[in-house]
Every structure is written in structure tokens, then in C-alpha cells.
Amino acid sequence: MGYFSENNGLIGFDQFNNQTSEGLRECQQGGFWAVRSHLTAYPEEPALISMPTGSGKTALMMMISFALSEKQVLVVTASDILRNQTAEKFRELDGLKDADILEDEIETPSVKIINNRVTDEEQWDEIDEDVVVALPQNISSVYNTRQYDREIVDPPIDKFDLVFFDEAHRSRAPSWMNLLNTFQSAKQILLTATPFRQDRQSLPGRLVYHYPLSNAIEEGLYQPLSLDSISAREEDEPDQVFAARAKKRIQEMRNSFDDAKMLVRCGGIKEAKSLERIYQSEGLEVKAIHSDRTSKQNSKRLKKLREGDIDGVIAVGMLGEGIDITNLKLAVLHEPPKSFAFTLQLLGRVTRPTEDGEVQAQVIADPVDLAKSGVEDEVKKLYHEDEGWKDLVPEIASDYTESHSPVSVGSSRRVLRGVDEGDLEPYLSTRLYDVTPDQFGPLNTIDLGDDVVAYKLPRTDDDFVGLITQRKQRPTWGKKTPLYHRQYDLHLFYYHEDTRTLFEATSSPGSLADEIREILLEGDADLYGGESLVRVIQGDEDIEYQVAGLANALGSSGSLPTYKMLLGDRVEGAVRQTDAKAFTHGHAVAEVDGETVGISNDQGRVWSSGRRKVDQFIDWCNDIGDKLERFEDVTTPPRLGLGEITRIRSFPESVIFGTLNPKLRRIDVEIDTQTVASSGVRQEIKELALTSLQCSGTDSGVVQFEFIPQEGAVALSGEYDVSSNEVRGEITKCQFIIDEEGERSELPGDSFFDKYKPYFYTGDGSLVSNGRGHRIRHELSDVPDECFIDESRIDWEECATWNEYDITKNGNSTEPERRIDVHGWVEEYIEDNGESGQIVFCDHTQGEIADYVQIEHSDRRITFYHCKARNKGKNSGARLESVREVVDQVHRSISWIKYSGLPEQILYRLENTEYPHFISGKDKFEEFQVDFLPMEWDFTVCVVQPGLDHENARSSENLNTVLLTCKEWLEGVDADFRIIGDPNNQVLSLDG
């Protein structure tokens, strides 16, 4: 058995007795029991104790040694001075005898100081003292380098059963980590004044006890420290000025405390030697301690200081850690350390209370020097971790922690210490919402639940709310683990009443920002769209685009990307005329009157470069508000030539066609209707068109519709309100199952329609979706003659034009028996007008590509035919209902134009649906499939409607607009538009 286990019965420590001034300190008791508790649960994990400097960590090490060690104890320290001091305290059991928990007559432990590198295993065997105190550079093999003849030998892993690491904020260093790994079988205790390093990395081990500095001050372990500012840098001999001021202050102190000493800090050994002479000239005996002196020499000078033989010491970065000299009352900072955290630790040496009355400890420093050493940032960090720093160094801390500190609101009563509104520099990035004045409630109580703490900035007023939120965040790759970190986010809300605009800037967009906004607002708020944001990129001078993003307004296509982004100087020149037919503006970055400005249409966002203070951020928002007013009538981005897009509250014309979002054509979607009807089923969506379209008789902003997912399915009712931009009704109560590239997700109806907004088309050619109307900029006034197939190629005389198709099955045959209906006529037309050896595929069934797909290999042309019959009881003419489905047919084709997967889709339709089949050229399809490169082929969409009079179609304004819009869309995807109708009143002669 070792010394400590043999004598642990002599410890007179009763944790149930109240402490006295002569007993153990509160933090020593807490640290002791925290370690004992930790080892019952995590014996293999190092215990980390955080206690303020000078609170008695060495005595705590001794208490723990008596309780836990049965062999030998190793203490790893950071410096020669600290090593010698620790060894001396263990030899005398200093701290435990003073606390009156050990008898003075007790035999003390033997202590070994390792002064040199241990390079032989036998040296370790010869060490049999109860306590060993060492520096890492003498016992860690990490320090083996070529400059030494012999290498350090790591201690035997079972040599010590208890290892202390003092000043453990160094423990991330490789040498310390090496020792931690070496002694994994021993109980390991780390002690530090802060549980974080200066680089903010956490320390190894589990933090089992943290004693706040504020508690230490309350317990009387520290006294406040006053700042004596001196502008010495403006003088010719600044060091002499410092010394003269130091002499004056130490003499004043000695009137009350005759043993007051000083600590002088400088930046280098050369300066320290010079300061010895300067202070000597002022009649003060101060001695330098630094690394050029031996450990024995430095210890000798510290002993003189303790015994009152000299007035002070000059330190070159050596007295920040662990030195316990209670008569230091004055610190003189000729050059503060680069880290002010280290400076404050150094100043802690002069804040110990005196027994002979109250003597105010002081620090002499030049404020300019403190600023250079990062005092402002460091004080705020320390004050944020422990508000006791404000009481310890009030004159320093008050300059940086008192003004504009955020106050807590909601579920927390804490204050976010050390944070000044003037320190906040948000990015110039904001989302814009349309909000009425009575909606915005800046004084509402912000309660975000138990998991989020919210701190409100003090400047909250009628038009501004600023919040800092704190929450625990788990890593995305370990949501179920106990791992987390504290996430701080900034949220700013500013209301510009003249434009009814709420500006929202947040470092955490998403659910948290949404929750805060919902608390601040009464009712919903519309996010600004591109029709408003384009006003922000207007200027007094011509703007220069750096980025122009174009959003697809028609749906997916092989030649039409979902999004097109143009980069570089003068990108407006790269926008083609055809782009205006298929794209609307998405986002843009431009140089506007000397400032870089960005807008994002779908996010309602405006941004500019850089960060600004909160006041400057508000000024920037006001500038945006001024532009929203000034350019109120502008609805298109300058110089891009794109079509107009506007936020609308009602449909501009009657709705002629509606469809689910075209993106769904390329996605497998199922709908589950069991939530709306007892007979409901889960089924695949094979059709996107919305039927039975009817605008509300009382509200031109609402269109009612029915949706039939596939042939034979029950119709689902619904309505779209363009004013509120939402889908309502029976269809929103269904569940939607989406399979997109193997990723399956299930969405309730309201979420589905939030993500996939339906499309509606009106008689004036507008596309309406997401609460906005997009109007193509038509280059032509009429549908060109070239779009109509020449009458010499059209002869309806032998066709029952009122009958689209007629299928009769003979026995088990799947081939139809045909007569000359519209489909039969089209087959003959394709055969007569196509190239020899062409491929013709009939796909007339639900989810079709087209009724017929014509592939002319030699000409490299693919034509999609969409066939409709006329109304038998009416003559041919120019009725809107006769082409109502043309929009759907064109939209259906856009999805397949220039699409590389077209051959595979044809085969899929052939193999997985009942009716589709090859009319001709089946034997040549494999060659086409291998040879098909979409961009080498031309595409045509041909609409067949025998009831459509060619001349009247162009003279009818609404009908002409619909057909012209289809032509413009197809041009946007590099395809031709053709119409086969009635060019010469042939249909009239049949039914007249």
C-alpha cells in the first residue's frame, strides 16, 4: 500500500459540517465529491474540474490522493515554477493543515521532482516516492528529437494509479495527450481555471465540476481590481512613465498594507533586463524571472518576493499559471499579453484579499495597449461565460459589457452577458413580406418553448425586433446520439410602414424563423415575388448584370432546363428571344448605381455584399423601401427582355385549362383517397389535367375544378384561390406518395400543393401559378400561316370527323378493327406524308406521350400528333372549347421534346400498357434507339381538330391568343407547331 491509502483515515473531512473561514473552501468540497461521483459511473474517463485561479486546486489534489491512491501519484505541471511550488505544497501538505482537516504532526509524503529527461526504464524503477511532479518535456516521448542523444522513455503504464494534469487547458498539446493515452489504466484528473482553451477547443475528459468566478468572489477569494489608465505611449520614455506611476501607487498601498508587492509584465527578456534598471532608478527593487534563468534562480527570486526582500518581479509570460503569492497588489503592464484572457489570469494574482484591511488591487495599463491585445473581444467572451469577471475587473468590463446587452424574454430569465448590439454585424440579406401595420406586433412575448432560449435586443420599438436565440443542435449524422452543441442565431425584423413591407433577416432560415414570425404577426403574410423584387434592381444608371437566373415557366423538357443561369459581364446579351417564351426571371445579381444587389424571385429575398451594424442594416432596408415606392409600376427586370410576371388577386381572363404541376410528369406519384371516402383507394396518378373548370360566380380569383387521377377513378373536387395562393377542398385531404429517383416521400394534400403548385391558363395567354401571372411577350399578332397544314393535304370527305376513334376487339386479339375515324384518318395522313421506312407508334391511352409518334429517321424529325374529334352537331368554326385541350396536349409534348429517355418511354408504354402498338417500322426501332441523340433531331407538335376553321381561328382574338401562346411555348423548347383543322369548310358540307 502507498502513503495515501495508509493514511486516509487521518483526514478529518466531514462534508456535512458547514465550512468555516479556517476550513475547506466550498469549491474544494464540491470538486472532491464531484470526482468521487464521476468515478462511480465513468472510471475509465478523465474527470475535468474547473476552478478559478487561487481557489485551492493543489489542496484538492491532496484530498483526492488520500481518497483514491493506493500506489504513487503523478502531477504533470506546465512550468518550472509551478512544478517546484506544487512539490513544496505536497511535501508540507500545505492547504490541508491550514484547513484543519489534518493534524500538524502527521508524517508527510515523499516527493520527487523530475528535473531531467527520463531516458532509461531503470530510472522509472528507481523512483519510489509517494508523489512525482514533472513537466511533459521530461517524461513524454513526444519530445524525442535529433538534438538529444538519448530518447525519453515513457513511464510504465501501471507505474501510477492516480495522475493529475494541472493547468489542463494545455492538455490538447501532443505531449499532454501522449501522457493521457499512456496512463489510461490510471485514474486521471484534469484541473484548470477554464474548461476551454484560448482557441475555444474543448478539453479532453468529462467536465464534472465548474465553480463560477462569481461564487469565488462572493466567497471572498478575490477582490475587485481597478484600472489605472495611463497614456504612456505618447511620451518619449514610456517605460519610465510606467515605473514612476508604479512607484506612486505602491507607496499609496503600503500606507494600508505595508507588504504590498508589484508584478511587472513585459514582452521579452531584453526588455525585462532594461526594466530592472529603470525601476532601480525609481528606488524600487524588482527582479526579472524568465526562461534564460534556471529554475533555481527563478525560485530564489520568488522566495525573496514572498519574504519581502524585493518590491516585485518582472515576468515575461511566466506568472500566468498557478503562482500563489498573496501579497501581490499591483500589476504594471508595459506590454499586455497578446491574449487578454491570459492577461486577466495574470491579473488574478493581484486580486487576493489581504488580512490587514481592504487594499484595492490595481493594474496600470495604457488603454491603447489593451485594445491591441484584444481586450474588448476577450472580456466579452469571458463575461459571457461567467459574469463574475464584471465584478472582478469592473472598470475594464463595464466599457464592453454594460451598454445594449440583450435582455432575455420568454422561457428564460437569464441575460446574454457580454453581448453588445454594437458587436452584431448581420449580412445584408433579407426576405420581404407584405404585412399590414395592424399585423405586426413587435412587443409580443417571444416564447419558443423549453428547447430554445430567446434574448431580445433592447432597441425593440414600434418597427423593429431583434432576437438572439440559443438552442441545442445535434449533428445531422447523429440525431439520436447525445452529441450536441449550442447554436446561436440572430433574427432581425424591421417594418417599413410606407410600403407595408416586413424585412426579415435571420441566420437560421426555416422552422425557427417561421415560428418567430408567426408570433410577431397576426395572420398570414405574403412573401414578395419577383414582380416586386425587380424594383430593387432599378437604378438611375444602366445596370450591369453579373448573374441572371431564368426560371422555367412551362415544365421539364429535354431542351428546356428547369433553371438556366447566365454568368459574366453583360449577361443580358446572352438572353435569347425564345427565352422570353419559356422563362421568367428567377434571380439576378447586378451592379446598381455602384452597389452589388441580388434578388431571388422564389425566396422573396434581396441581398447585397458585406455585413453591417444593426443601425446600418435598418438604413439599408429603408433604401430598399424607397425603391419599392419609387419604381412601383415596374414589373420586369431591366434589359433582359423577359415576359411580365405580376402578383395577381384574380384571374385576368376566363380559365381555359388547368393541370397539376408539370414537374409531376417525370415523377411517379400515387394518391391515397381513403381519407376522403370510405370507397377510397391508393392509386397511381396517370393524368394531370384538371377538368370541369369553373370560376366562382362571386369571386374571379377562385377557380373550381375536378381531378380524376386515372380513367375510371372517382373525381375529386377542389378549388384554387389565386389571392391567397392556396388549394382547398376535397383533394387537399388526400395523401400523396412521391417516388423521385428512388427517394420516396409521403405528403398530406396541403403540403403537396404548397410544393407543387397547379398551373392554369387563361384566355389572354397568361400562365397562372403560385399566385402570379406570367404573360409571354408575343412577337406576332396572329398565328402564322405556316402553322396551318396546307389545305391540299387535307381531305375530310371520307372521315367521320365527330368520332375520334372506335376500337372493337375480335376474340382475344389486342389489335383493333378500324374504320375511318379521326385516328384512322391520321394514320393514313402520316403514311401518305411521311418518309419511306418511317416508324409510327400509336400511344392512345391514359398517360400517353401523344396519340401518334412519327419518327422519320432520314430527316431526323419526330412529330407528336394529338387528335380530337369535332362536335357532331356543330359546324367547324373558331370555338374556344374546340381547342381547350390543345394546351394540355402541348404541355404533354414539352415534357418529351429533346428528351434522351424518349425511346425507353416508348418501349415502357409498349410493354406495360394494353393498347399502344407500332403501326409501322417496329423492326427499325432498335436502330433508332441506339442512334438517338436528342439535339440532332427536330421536333414538331401537330394538333388535329377537324372542327377548327383555319381562317376563323386567326380572326378570333381569344382563340388566336391561345394558339399563338402554344406556338411561342414550343419555340421556347426549339420545336415547331402545326395545326390540322378545316381549311375550306369541308366539315360544313358533311353536316350542313
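**A walk through the charged side chains**

Glu425 counts as partly exposed, because its relative accessibility is 38%. The model shown here is predicted. Lys613 is partly exposed as well, at 33% relative accessibility. The side chains of Glu425 and Lys613 meet in a salt bridge, 3.5 Å from N to O. Glu425 sits in the loop between strand E14 (407-409) and strand E15 (427-434). Lys613 sits in the loop between strand E25 (605-611) and H20. The pair therefore ties together parts that are 188 residues apart in sequence. Salt bridges that share partners also build a network, joining Asp228, Arg245, Arg249 and Glu252.

Look at one link of that network. The side chains of Arg249 and Glu252 form a salt bridge at 3.2 Å, N to O. Both residues lie in helix H9 (residues 238-254). They are three residues apart, about one turn of the helix. Glu252 has 38%, so it is partly exposed.

Next comes Lys261. Its side chain meets that of Asp259 in a salt bridge, 3.8 Å from N to O. Lys261 is buried, with a relative accessible area of 4%. Asp259 is partly exposed, at 27% relative accessibility. How many salt bridges does the structure hold? The number is 34. Side chains of opposite charge can pair when their charged atoms come close.

Now turn to like charges. A patch of negative charge lies on the surface. Its residues are Glu497, Asp498, Glu541, Asp542, Asp593, Glu595, Asp619, Asp623, Asp626, Glu629, Glu632 and Asp633. Which element gives the most to the negative patch? That is helix H20 (residues 614-630), with four residues. Glu595 belongs to strand E24 (residues 595-600). Its relative accessible area is 33%, so Glu595 is partly exposed. Patch residues must have over 30% relative accessible area and no salt bridge.

Why is helix H23 (residues 886-894) largely enclosed by the rest of the structure? Nine of its nine residues are buried.

End near the start of the chain. Asn7 is in helix H1 (residues 3-7). Asn7 counts as buried, because its relative accessibility is 16%, under the 20% cut-off. The Asn7 side chain reaches the backbone oxygen of Tyr3 at 2.7 Å.

Terms used: Residues are numbered from 1 along each chain as its sequence is written. This is a predicted model: local features need pLDDT of at least 70, side-chain atom pairs count only at pLDDT 80 or more; totals for chains, interfaces and linings use all residues. Side-chain values use heavy atoms; hydrogens and water are left out. Patches are made of residues with over 30% relative accessible area and no salt bridge: like charges are joined within 9 Å, nonpolar side chains (Val, Leu, Ile, Met, Phe, Trp, Tyr) within 5 Å. Accessible areas come from the Shrake-Rupley method with a 1.4 Å probe; for residues, only the protein chains shown count as cover. A salt bridge is a side-chain nitrogen of Lys or Arg within 4 Å of a carboxyl oxygen of Asp or Glu. Lys and Arg count as positive and Asp and Glu as negative; His and the chain ends are not counted. The place of a charge is taken as NZ of Lys, CZ of Arg, CG of Asp or CD of Glu. Helices (H or I, at least four residues) and strands (E, at least two) are DSSP runs, numbered from the N terminus. Buried means under 20% relative accessible area, exposed over 50%, partly exposed in between (1.4 Å probe, protein chains only). A polar contact is a pair of N or O atoms within 3.5 Å; within protein, one must be able to donate a hydrogen and the other to accept it, and residues adjacent in sequence count only if both atoms are side-chain atoms.
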